[in-house]
Amino acid sequence: MNKFINHIQLGYLGLLPFLACVGWPLLVGSNNFNMQFFTFYSIAILAFMSGNLWHAGQQSYRDAIKAILPILPLGFLAFLPQHITLAWLAVSFWLVLLFEKTSPQWQSYHADYQKMRFVLTSVVFVCHILVIGISLYPN
């Protein structure tokens, strides 16, 4: 199978935990485990996406800042209410996409990959908004 197609499939498969964490409370009710799993999974994926901004051997100081800016405040966000942490994560996924789109490599990416990145970011953002709503109004 084409390597490019695998990347697209893996990208969409990465949405399943986000979607499951939105659907689970609708089926069985909200619980703390679901909220924590969603938050930790979101942090892991955001860190992975930010890490992809780091192009070894091509990194400028400005690019390094772009790679760490979305994940730098995560340690501090642990002390804030969960809905604030989730809001930062939601915005950070758009920030990573913006940084990726402004990189010189973006123009060399296949159009299907570029479309997939926008779709994934949009769905992840909506999932965050829904989970924020669930966390604020659990019943």
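I started with the crossing of helix 2 and helix 7. Helix 2 passes helix 7 in a left-handed crossing. This is a predicted model, so I read each value as computed from it. The two axes are 10 Å apart, and the packing angle is about 25 degrees. Angles under 35 degrees count as roughly parallel. Helix 2 and helix 7 are therefore roughly parallel to each other.

Next I took helix 2 against helix 3. Their axes come within 10 Å and cross at roughly 165 degrees. The cut-off for roughly antiparallel is over 145 degrees, so helix 2 counts as roughly antiparallel to helix 3. I also looked up the handedness here. Helix 2 passes helix 3 in a left-handed crossing.

Then I turned to the largest pocket. I noted a volume of about 520 Å³ for it. Which residues are closest to its centre? I found G11, F48, M49, N52 and L120, out of 23 residues that line the largest pocket. I then listed the elements that give two or more residues to this lining: helix 1 (3–13), helix 2 (15–28), helix 3 (32–51), helix 6 and helix 7 (111–136). Which helix gives the most to the lining? Helix 7 does, with 6 residues.

The lining of the largest pocket holds 15 nonpolar residues, 6 polar ones and 2 charged ones.

A87 came next. I placed A87 in helix 6, which covers residues 82–101. Buried would need under 20%, and exposed over 50%. I also checked A87 against F48. They are 39 residues apart along the chain, and their C-alpha atoms are separated by 18 Å. F48 is the residue I had already listed among those closest to the centre of the largest pocket.

Last entry: Y12. I found Y12 in helix 1. Its relative accessible area is 33%, so Y12 is partly exposed too. How far apart are Y12 and S92 in space? I read 19 Å, C-alpha to C-alpha, for a pair that lies 80 residues apart in sequence.

Note on methods
Residues are numbered from 1 along each chain as its sequence is written. This is a predicted model: local features need pLDDT of at least 70, side-chain atom pairs count only at pLDDT 80 or more; totals for chains, interfaces and linings use all residues. Side-chain values use heavy atoms; hydrogens and water are left out. Helices (H or I, at least four residues) and strands (E, at least two) are DSSP runs, numbered from the N terminus. On a 1 Å grid over the protein atoms alone, a cavity is a set of points where a 1.4 Å probe fits but cannot get out, and a pocket is an open set with protein on both sides within 12 Å along at least five of seven lines; lining residues have an atom within 4 Å of a point. Grid points are joined across faces, edges and corners, and a volume is the space filled by probe spheres set on the points. Ala, Val, Leu, Ile, Met, Phe, Trp, Tyr, Cys and Pro count as nonpolar, Asp, Glu, Lys and Arg as charged, and the others, Gly among them, as polar. Axes are lines fitted to C-alpha atoms, for helices over the stretch in contact, and angles run from 0 to 180 degrees between N-to-C directions. Angles under 35 degrees count as roughly parallel, over 145 as roughly antiparallel, 65 to 115 as roughly perpendicular and the rest as oblique. A crossing is left-handed if the near helix is turned anticlockwise from the far one by less than a right angle, and right-handed if clockwise. Buried means under 20% relative accessible area, exposed over 50%, partly exposed in between (1.4 Å probe, protein chains only).
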